[in-house]
Amino acid sequence: MSDRQIPQISSRKQPQQARSTGLVDAILEAAVQVLAKEGAQRFTTARVAEKAGVSVGSIYQYFPNKAAILFRLQSDEWRQTSDLLRTILEDRRSPPQERLRTLVHTFLRSECEEAAMRMALADAAPLYRDAPEAREVKESGRRSVEVFMREALPEASDATRALAGDLITATLSAVGKQFSETPRTAAEITAYADAMADMVCAYLKGLGTD
């Protein structure tokens, strides 16, 4: 078993004043630009500092290393996506099947819009994927799916609901990644999302009638 040390990826401190918040925002914006231009392999705190117009020491006040910066970018992306999808899943003004269709369309469109940044962050994932902070961020999304599945499949067993949630989530992730690696038109995204939504909704409907 590997004893590889997991790097610290938590921020050193949280900005308390507007000036500090502005500095962190500038660092993160510079990090996005450096990542997009250089990729994860050539991403360094020195390049981020240069792009942001600050000293490396200023960056280290808030981020202990480059893994912490990259994880902040990744966790922000995860959180934004998770919040968006949770809002859709928890909107009980619409029936579950309609919410699921909306989720598929929203997710696939988001994957295509953020494809370049997502692929760059995927390259950086080995720097932080084993850290507890990464698991905590993903766990929030899983809980939202569990709540939705209890509503969508009230008569199903816990095991069936868990399997359905895992399968739909894994399918969305895998298909979204593969589909978004090629530039797509709005019409292509809509057509693909319609087909995928038909598939997952039919699967869910079948489980509900067993």
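Because the model is predicted, local features need pLDDT of at least 70 and side-chain atom pairs count only at pLDDT 80 or more, while totals for chains, interfaces and linings use all residues. Residues are numbered from 1 along each chain as its sequence is written, and side-chain values use heavy atoms, with hydrogens and water left out. The secondary structure comes to nine helices and zero strands, where helices (H or I, at least four residues) and strands (E, at least two) are DSSP runs numbered from the N terminus.

**Overall fold**

- Read along the sequence, the protein follows the pattern α-α-α-α-α-α-α-α-α.
- Among contacts (heavy atoms within 4.5 Å) between residues at least 6 apart in sequence, 72% join residues at least 24 apart.

- The 18 residues of α5 should span 26 Å at 1.5 Å a residue, and the end C-alpha atoms of α5 are 25 Å apart, which agrees; the expected span is 1.5 Å times one less than the number of residues.
- The buried residues of α5 include Pro96, Leu100, Leu103, Val104, Phe107, Leu108 and Cys112, and also Arg99, His105, Thr106, Ser110 and Glu111.
- Thr106 is found in α5, which covers residues 96-113, and counts as buried because its relative accessibility is 11%; leaving aside residues up to four places away in sequence, Thr106 touches Leu84 and Ile88.
- Arg99, also found in α5, counts as buried at 3% relative accessibility, and, with residues up to four places away in sequence not counted, Arg99 touches Ile88, Leu89, Glu90, Asp91, Arg92, Ser94, Phe148 and Glu151.
- Arg99 and Cys201 are 102 residues apart along the chain, and their C-alpha atoms are separated by 9.9 Å.

- Two packed helices are described by the angle between their axes and the distance between the axes; here axes are lines fitted to C-alpha atoms, for helices over the stretch in contact, and angles run from 0 to 180 degrees between N-to-C directions.
- The axes of α8 (residues 158-180) and α9 (residues 186-208) come within 11 Å and cross at roughly 165 degrees, and the two helices are therefore roughly antiparallel, given that angles under 35 degrees count as roughly parallel, over 145 as roughly antiparallel, 65 to 115 as roughly perpendicular and the rest as oblique.
- The crossing of α8 and α9 is right-handed, a crossing being left-handed if the near helix is turned anticlockwise from the far one by less than a right angle, and right-handed if clockwise.
- Among the residues that meet are Leu163, Ile168, Leu172 and Phe179 in α8 and Ile189, Tyr192, Met196 and Leu204 in α9.
- The residues of the contact of α8 with α9 divide into 14 nonpolar, three polar and one charged, where Ala, Val, Leu, Ile, Met, Phe, Trp, Tyr, Cys and Pro count as nonpolar, Asp, Glu, Lys and Arg as charged, and the others, Gly among them, as polar.
- The axes of α5 and α8 come within 9 Å and cross at roughly 35 degrees, in a right-handed crossing.
- In the contact of α5 with α8, the α5 residues include Leu100, Val104, Phe107 and Glu111, and the α8 residues include Ile168, Leu172, Lys177 and Phe179; by class this contact has nine nonpolar, three polar and two charged residues.
- The axes of α5 and α9 come within 9 Å and cross at roughly 140 degrees, and these helices are therefore oblique to each other, with α5 passing α9 in a right-handed crossing.
- Gln97, Arg101, His105 and Arg109 are among the α5 residues that meet α9, where Asp194, Asp198, Cys201 and Lys205 are among the partners; by class the contact of α5 with α9 has twelve nonpolar, three polar and five charged residues.

- Ala40 lies in the loop between α1 (18-38) and α2 (45-52) and counts as buried at 7% relative accessibility.
- Ala40 and Leu70 are 30 residues apart in sequence and 8.6 Å apart in space, C-alpha to C-alpha.
- Tyr60, placed in helix α3 (residues 56-60), counts as partly exposed at 35% relative accessibility, and its C-alpha atom is separated by 10.0 Å from that of Ala49, eleven residues apart along the chain.

Conventions
Buried < 20%, exposed > 50% of the residue type's maximum accessible area, 1.4 Å probe, protein only.
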